[in-house]
Amino acid sequence: MIRAVLIDDERPALRGLEYLLKEYSDIEISGMFTNPLEAIEKIAGIKPQIVFLDINMPQLQGIDAASKILDLCPDTDIIFVTAYDQYAIEAFELHALDYVLKPIAKERFEKTLQRLTKKNGINQPSPGKKLDIKCFGRFQAGWDGEEPIKWRTEKTRELFAFLLHHQGREISRDEILDKLWPGIEVEKAVHQLHNGIYYIRKTLEEYGIERSLAGISGNYCLRLGAVVLDVSLFREHLTGLKNNPEIKVLEAIDGLYTGEYLEGTDWPWADLEREQLSRHYSGAMVSLSKAYIEKKEFDRAEEHLLKAFKRNPYEEGITNLLLNIYRITGDKNKAVRHFMEYTKILKEELGIKPGESIQRIYNAIN
Amino acid sequence: MGDAICKIKIITRFEFGQGYFTGGEIIKVYILDTGGPGLDKMLAWLSENNSIKEVSVIKSPDTFLERVERERPEMVIIRLGNSDIPGLKIGRMVKAMDQEISIVFVSDERDYALDAYEVGAYGYLLCPLERNRFNNLFNRG
């Protein structure tokens, strides 16, 4: 609990401040005074952590009052609240915690309160909501159930994605410049990089995302706290598969892959990763289907393979397994349809014919 | 006997704006300035202060930001009123980087003190600089 004393010779101003402070449950108003001299008399008895002080008071000027208060209570912080803007320098000399103009703007006052609560070791309560970052499909980040974060510029968004891409690792400044501002004069690019980092930090702050949750440390390393990052989960599941290809895990992988990595972006630095993840996905779906085939759940197996085929039509393994299913189930029509589609795609987009093994299975069905 | 006592660092708590540090700690001070009034005074006074380990003067805002980002000095001093240095903006960027870094502005005008408070600065020095006021930055007032 932070004890606060309010001092202003104008009663309406006192009441206004009291009203503003009402919504901060950590702050207790231990005294309100229209006479600074009286306040000074009583202050030692109250020992507040914070004093909100007006500047222009007939009985005693705020700057002098602050001095006296600090003599009596050296650990107390002073926050000036005044219509006069020219005493800020004196306020600095007194190490006043803040200096706010009347009429008080809510946003500005929130800054004041943040400094206050931080100084007094009162942590902002954890929001209790999850921070969700999706790299599969459309790239977006945001609090669970809320609108995704709107980045200042497309470049800022790309920069964040890039830092995320290298999450937990330190990246050199030059690497970032090279990948995100290729061909731009170094000085100019560095300037833009600094702005970009600044805007990311500001945006995270605006959305109430604390540094412990997502923060950029020196050497441009993005550190994530308890954040739900779909690519991370995806990779974790993949690792878990090595020894034990469980259906549950494979289904989870399927659930996470809601689209290509950073789909719809034209960031060249993401290409390699996108390809790799796509291949991993296909591989996982083939494993999943095999597992279902073993359990004779052919519908399920087919479903997953068709889905994987849509994403990766060129992957031979997928068509191979699909045709095998149709061979087992005796579904000639489906086999023909799929084979035709596969052949067409290969021809139109790659200019090649289906491989031998595919050809063989198809022939076996017919 | 006297020597030995001088060498014992007395730990007292100094408040440093929005951060704390225990007196006797070795600190780094980075200055963003192209050589404005009072710079030589500041450098002289800083060199007299035993708790300060490193002082760097950097002329380019971007180089300054890079070094501060990497090396995280305990305090930065930023010149205002120089058209090559967007001082308040740089201050904001440092604040966004690390709230624990104490930001001190140096200016020959009073006008920016209010903005300095908004940025969350720890100190605002008016030129011509006074030794007491400068050294006061390293104590609680």
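A helix axis here is a line fitted to C-alpha atoms over the stretch in contact, and the angle between two axes runs from 0 to 180 degrees between their N-to-C directions. With that in hand, welcome to this predicted model. Chain A is split into domain 1 (2-119), domain 2 (131-225) and domain 3 (230-365). Chain A also touches chain B, through 23 residues from chain A and 20 residues from chain B.

**A pair of helices in chain A**

- Helix H13 (residues 316-329) of chain A and helix H15 (residues 356-365) of chain A have axes that come within 10 Å and cross at roughly 15°.
- Angles under 35 degrees count as roughly parallel, so H13(A) is roughly parallel to H15(A).
- The crossing of H13(A) and H15(A) is left-handed.
- On the H13(A) side, the contact includes A:Glu316, A:Leu323 and A:Tyr326, while the H15(A) side includes A:Ile358, A:Ile361 and A:Tyr362.
- Sorted by class, the residues of this contact between H13(A) and H15(A) are 7 nonpolar, 4 polar and 2 charged.

**Where chain A meets chain B**

- On the side of chain A that touches chain B, helix H4 (88-93), strand E5 (98-101), helix H5 (106-119) and helix H8 (186-206) of chain A each supply at least two residues.
- H8(A) provides the largest share of that side, 7 residues.
- The side of chain A that touches chain B has 7 nonpolar, 6 polar and 10 charged residues.

**Domains 2 and 3 of chain A**

- The C-alpha centres of domain 2 of chain A and domain 3 of chain A are 32 Å apart.
- In the contact between them, 11 residues of domain 2 of chain A meet 15 residues of domain 3 of chain A.
- Helix H6 (residues 154-165) of chain A gives the most to the domain 2 side, with 4 residues.
- That domain 2 side has 5 nonpolar, 2 polar and 4 charged residues.

**Backbone details to look for**

- The peptide bond from A:Lys102 to A:Pro103 is cis, with omega near -5°, and A:Pro103 sits in the loop between E5 and H5 of chain A.
- In chain B, a cis peptide bond links B:Cys127 and B:Pro128, with omega about 0°; B:Pro128 is in the loop between strand E7 (123-126) and helix H6 (131-135) of chain B.
- A:Lys47, a residue other than glycine, has a positive phi near 50°, and A:Lys47 is found in the loop between helix H2 (36-46) and strand E3 (50-53) of chain A.
- A:Lys47 counts as partly exposed because it has 13 C-beta neighbours inside 10 Å.
- A:His95 is not a glycine either, yet has a positive phi of about 60°; A:His95 lies in the loop between H4 and E5 of chain A.
- A:His95 is buried, with 20 other C-beta atoms within 10 Å.

How values were computed: Residues numbered from 1 in each chain as written. Chains lettered and ligands numbered in written order. Predicted model: local features only at pLDDT ≥ 70, side-chain atom pairs only at ≥ 80, totals over all residues. Contact = placed C-beta atoms within 7 Å. Nonpolar A, V, L, I, M, F, W, Y, C, P; charged D, E, K, R; others polar. Domains from an automatic or database assignment. Parallel < 35°, antiparallel > 145°, perpendicular 65-115°, else oblique. Left-handed = near helix turned anticlockwise from the far one by under 90°. Buried ≥ 20, exposed ≤ 12 C-beta atoms within 10 Å, placed from the backbone.
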